[in-house]
Amino acid sequence: MIDDSVYLVPETTKLLNRSGYWINFFDAVKSPAATSFTVYANGKELAQFKASAKNINKAFNGAKCAPMADWEVMTM
């Protein structure tokens with residue numbers, strides 16, 4: 001959960017129908033507005049993180065992380 005919004009992180013991003021989940025998640029994580037993160041696995045809370053907008057911007061400035069479904073397209 002990122003700032004009270006839930007994002008599914010798929011096991012693989014090789015399939016087009018799952019790559020959209022990754023894009024949505026990565027865009028949310030790198031947003032300077034994303035300051036509160038809660039990680040769940042199998043319906044159980046594992047951890048909580050807080051980050052400042054400044055640190056998020058510093059860490060993700062210009063960052064790109066394409067789903068595997070797009071890798072072949074990017075290398076051609």
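Mentor: Buried residues make up 17% of the 76 residues in the protein, where buried means under 20% relative accessible area, exposed means over 50%, and partly exposed is in between (1.4 Å probe, protein chains only). Please note that this is a predicted model, in which local features need pLDDT of at least 70 and side-chain atom pairs count only at pLDDT 80 or more, while totals for chains, interfaces and linings use all residues. Residues are numbered from 1 along each chain as its sequence is written, and side-chain values use heavy atoms, with hydrogens and water left out.

Trainee: Which elements does the protein have, from the N terminus on?

Mentor: Helices (H or I, at least four residues) and strands (E, at least two) are DSSP runs, numbered from the N terminus. Here there are three helices and two strands, in the order α-β-β-α-α. The C-alpha atoms fill a box of roughly 40 × 30 × 15 Å along the principal axes.

Trainee: How should I read the span of helix α1?

Mentor: The expected span of a helix is 1.5 Å times one less than its number of residues. Helix α1 has 14 residues and reaches 20 Å from its first C-alpha to its last, close to the 20 Å expected.

Trainee: Which residues of α1 are buried, and what do they pack against?

Mentor: An α-helix has 3.6 residues a turn, so residues three or four places apart point the same way. In α1 the buried residues are Ser 19, Trp 22, Phe 26, Ala 28 and Val 29; they pack against β1 and α2. Ser 19 has a relative accessible area of 6% and is therefore buried. A contact means heavy atoms within 4.5 Å. Not counting residues up to four places away in sequence, Ser 19 touches Thr 13, Pro 67 and Ala 69.

Trainee: Where does Met 68 lie, and which residues is Met 68 in contact with?

Mentor: Met 68 is in the loop between α2 (53–60) and α3 (71–75). Its relative accessibility is 30%, so Met 68 counts as partly exposed. Leaving aside neighbours within four places in sequence, Met 68 is in contact with Thr 13 and Lys 14. Met 68 and Trp 22 are 46 residues apart in sequence, yet 9.5 Å apart in space, C-alpha to C-alpha.

Trainee: How many bridges join strand β1 to β2?

Mentor: Two strands pair if DSSP finds at least two bridges between them. Strand β1 (residues 36–41) and β2 run antiparallel and are joined by six bridges. Among the partners in β2, Glu 45 pairs with Tyr 40 and Lys 50 with Ser 36. The hairpin has two residues between the strands. Asn 42, in the loop between β1 and β2, has a positive phi near 55° in a residue other than glycine. Asn 42 has a relative accessible area of 78% and is therefore exposed.

Trainee: Why does β2 lie largely in the open?

Mentor: Of the seven residues of β2, the number buried is zero, so the strand lies largely in the open. Phe 49 is found in β2 (residues 44–50), and at 48% relative accessibility Phe 49 counts as partly exposed.

Trainee: Which residues make the nonpolar surface patch?

Mentor: Patches are made of residues with over 30% relative accessible area and no salt bridge; like charges are joined within 9 Å, and nonpolar side chains (Val, Leu, Ile, Met, Phe, Trp, Tyr) within 5 Å. A salt bridge is a side-chain nitrogen of Lys or Arg within 4 Å of a carboxyl oxygen of Asp or Glu. Val 39, Leu 46 and Phe 49 make the patch, of about 290 Å².

Key:
Accessible areas come from the Shrake-Rupley method with a 1.4 Å probe; for residues, only the protein chains shown count as cover.
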